[in-house]
Amino acid sequence: MKGLKNKVCVVTGGAGGIGSAICRRLSEEGAKLAILDLKREDAGKLARELSISGAQVRDYCVDITDYEKVRKVCESIESELGAIDVLINNAGWDTAAKFVDTDPYLWTKLISINLIGPLNLQHIIVPKMLERGAGRVINISSDAGRVGSSGESVYSACKGGLISFSKTLAREVARKQISVNVVCPGPTDTALFRDFAGSGESGEKLRNALQKAIPFGRLGTPDDLVGAVCFLASDDAAFITGQVISVSGGLTMAG
């Protein structure tokens, strides 16, 4: 990918399945990495692994739903790594439940993590990009936000909101040469998916049903996502903004 070497890239949820795959690929491209995650030990372990390979990387334990804590972390990133060139909002969370069986406490938690968190990062980082007249934002949404998904009503609402927000922000910042794009994973074999699907017979039944429904005949893997993300972060995608890319093995070809 062109133009990623020495770029400062922030990855939220960077220690998770998809996040760690993104971080590894960015480090291979020579980017400087800021790994943001609530799981301090996992983030530190990944940072040490990538540092041994020669990457310039820092890890930060932060709750992305807390605006002031995010602001302080971003100040630390700029002090330790330099101005932020690329923001990848990857952190997310979900749990399976029919909407009528949920409650306002769960709605608030889902909205805070999946929508408010990305808004916090963008509200703090994008103004600095505007000042410099350069920057890339990649928001990791979900095909659940494009076409809906049973048992994920509020999560789908958040991810759909992130898509429409991204398109709007892309219009607002385009004159300053800042791109805002969205990557939508389909069913991807991560710890979050395994928690969502559940264990035992019911989980295996869901996995088998999805594999039959996906034209490629398998669930996605974190490594399936990283090419699209790094492409949108690179200079190869300099003239692309406001776009939504589904990475789902063909599960959602329309909509």
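**Briefing: overall build and helix H6**

The chain has 255 residues and a radius of gyration of 17 Å, which agrees with the value near 18 Å that a compact globule of this length would have. The model is predicted. Its chain contains 9 helices and 7 strands.

**Size and packing**

- Taken along the principal axes, the C-alpha atoms fill a box of roughly 50 × 40 × 35 Å.
- Of the 255 residues in the chain, 47% are buried.

**Surface and charge**

- The chain carries 30 positive and 29 negative charges.
- The mean position of the positive charges lies 4 Å from the mean position of the negative charges.

**Helix H6**

- Helix H6 covers residues 153–173, a run of 21 residues.
- From the first C-alpha of H6 to the last, the span is 30 Å, close to the 30 Å expected at 1.5 Å a residue.
- The buried residues of H6 include Val 154, Tyr 155, Leu 162, Ile 163, Leu 169 and Val 173.
- Also buried in H6 are Ser 156, Cys 158, Lys 159, Ser 166 and Ala 170.
- Helices H4 (104–132) and H5 (143–147) are among the elements that cover the buried residues of H6.
- Strands E5 (135–140), E6 (178–185) and E7 (244–247) also form part of this cover.

Methods
Residues numbered from 1 in each chain as written. Predicted model: local features only at pLDDT ≥ 70, side-chain atom pairs only at ≥ 80, totals over all residues. Heavy atoms only, no water. Helix = DSSP H or I, 4+ residues; strand = E, 2+ residues; numbered from the N terminus. Rg over C-alpha atoms; globule rule 2.2 N^0.38 Å. Buried < 20%, exposed > 50% of the residue type's maximum accessible area, 1.4 Å probe, protein only. Lys, Arg positive; Asp, Glu negative; His and termini not counted. Charge placed at Lys NZ, Arg CZ, Asp CG, Glu CD. Expected span 1.5 Å × (residues − 1). Contact = heavy atoms within 4.5 Å.
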